[in-house]
Amino acid sequence: RASMLLIPIGLAGVVLFSSAATRPPRASPKCAAEAMPTVRGLHLYAPGTRASYAGNLAGFLVDLHDAKATFNFCGGMMFQLALSDKLHSHLSAVSSRGASDAQQPVLHDAGKRRMQQLAGYDKTGAADNARVFHGREVRQVHSAAGGMGMVLQLSLAGEEEDAEGWTKKELSGYDGWGHDSSRKWNLAREADAFRAKWGAQAVTLQHRFYLHVDAQDNLWLSAEDGCEGYLAAAPPARPKVFGLF
């Protein structure tokens, strides 16, 4: 499904992006290696690295967070993956218990290209920190990896309170299956923890997310509205010409 994503940029206006996913390109081995973050000597974007975790997806997500790894959304919009402190602690504990732990995140197969295809799908704001996650897109974060000022934050859902998690208004008013242009943005700005981490200038919208692979075994992080991104290194920054660009 291809649609246009309406993104507020400050007070000046809006920018349109296509939500159609693009196939991950074949990266040059030399360029890819130069851009890859490493954890314990593992290149996190390299094909086969995820398989070396032997089903411990919680550990892989923690390492992606720690390395400030990025996902390529909508054909070139680089979002840094960021776990809230509570979710980071939760997934670290799951990882320590091993791949067989019942709370391991679920990696859905290539046939699950939309959240609506998941078994038991319903239009609610519910998340279980395994099959479905609470998250936000956060923009205008100047320190974000990827060079575009964009972060994709996942937080802990459920009974254990997460100060960085969804606010009451984000929960009660959630309608993430609808078009972004009709939804209410920036509800998270009311939370002290959100402003402390990302700044009062950050533009944000809450989404539910899940993980799946494609036919080439690339890892995708997908929102309920169909926008999705694959794990990928950010393109190298263009050199400045005489300090002007």
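Are R139 and E137 buried or exposed? I find R139 buried, and E137 buried too. My cut-offs are these: buried is under 20% relative accessible area, exposed is over 50%, and partly exposed is in between, with a 1.4 Å probe and protein chains only.

**Ground rules.** The model is predicted, so local features need pLDDT of at least 70 and side-chain atom pairs pLDDT 80 or more, while totals for chains, interfaces and linings use all residues. I number residues from 1 along each chain as its sequence is written, and side-chain values use heavy atoms, with hydrogens and water left out.

**Whole chain.** I note five helices and 12 strands. Both are DSSP runs numbered from the N terminus: helices are H or I with at least four residues, strands are E with at least two. The chain has 245 residues, and 48% of them count as buried. I then looked up contacts, meaning heavy atoms within 4.5 Å. Among contacts with a separation of 6 or more, 61% come from residues 24 or more positions apart. The accessible surface is about 12,200 Å², and carbon and sulfur atoms hold 56% of that. Accessible areas here come from the Shrake-Rupley method with a 1.4 Å probe; for residues, only the protein chains shown count as cover.

**Charge pairs.** Side chains of opposite charge can pair when their charged atoms come close. I count a salt bridge when a side-chain nitrogen of Lys or Arg is within 4 Å of a carboxyl oxygen of Asp or Glu. The whole structure gives 14 salt bridges.

- R139 pairs with E137 at 2.8 Å, N to O.
- R114 and E228 form a salt bridge at 3.9 Å, N to O. R114 sits in the loop between strand 7 (107–108) and strand 8 (133–139) and E228 in strand 12 (residues 228–231), so this pair ties together parts 114 residues apart in sequence. Both R114 and E228 are buried.
- K169 meets E190 at 3.1 Å, N to O. K169 is in helix 4 (residues 168–172) and E190 in the loop between helix 4 and helix 5 (192–198), so the pair links distant parts of the chain, 21 residues apart. K169 has 45% relative accessibility, so I log K169 as partly exposed.

**Helix 2.** How many residues of helix 2 (residues 57–66) are buried? Eight of its 10 are, which I write down as mostly covered. The buried set is L57, A58, G59, F60, L61, V62, D63 and L64. K68 follows helix 2 and has a positive phi, near 55 degrees.

S95 lies in helix 3 (residues 85–97). Leaving aside neighbours within four places in sequence, S95 touches N56, A58, G59 and Q104. From the C-alpha of S95 to that of P105, 10 residues apart along the chain, I get 9.9 Å. S84 is in the loop between strand 6 and helix 3. S84 counts as buried because its relative accessibility is 0%. With neighbours within four places again set aside, S84 contacts Q153, L154, S155, L156, D162 and E164.

I work on a 1 Å grid over the protein atoms alone: a cavity is a set of points where a 1.4 Å probe fits but cannot get out, a pocket is an open set with protein on both sides within 12 Å along at least five of seven lines, and lining residues have an atom within 4 Å of a point. Grid points are joined across faces, edges and corners, and a volume is the space filled by probe spheres set on the points. For classes, Ala, Val, Leu, Ile, Met, Phe, Trp, Tyr, Cys and Pro are nonpolar, Asp, Glu, Lys and Arg are charged, and the others, Gly among them, are polar.

Three cavities reach 30 Å³ or more. The largest cavity has about 110 Å³. Closest to its centre, out of 13 lining residues, are F73, F79, E137, H207 and C227. Strand 6 (77–83), strand 8 and strand 10 (203–213) each give at least two residues to this lining. Its classes are nine nonpolar, one polar and three charged.

Which residues line the second largest cavity? I list L61, F71, L81, F133, L154, L211 and L221. That lining is seven nonpolar, no polar and no charged. Its space is about 40 Å³.

The second largest pocket holds about 230 Å³. Its lining includes H134, W166, K168 and L171. By class I log five nonpolar, three polar and four charged residues there.
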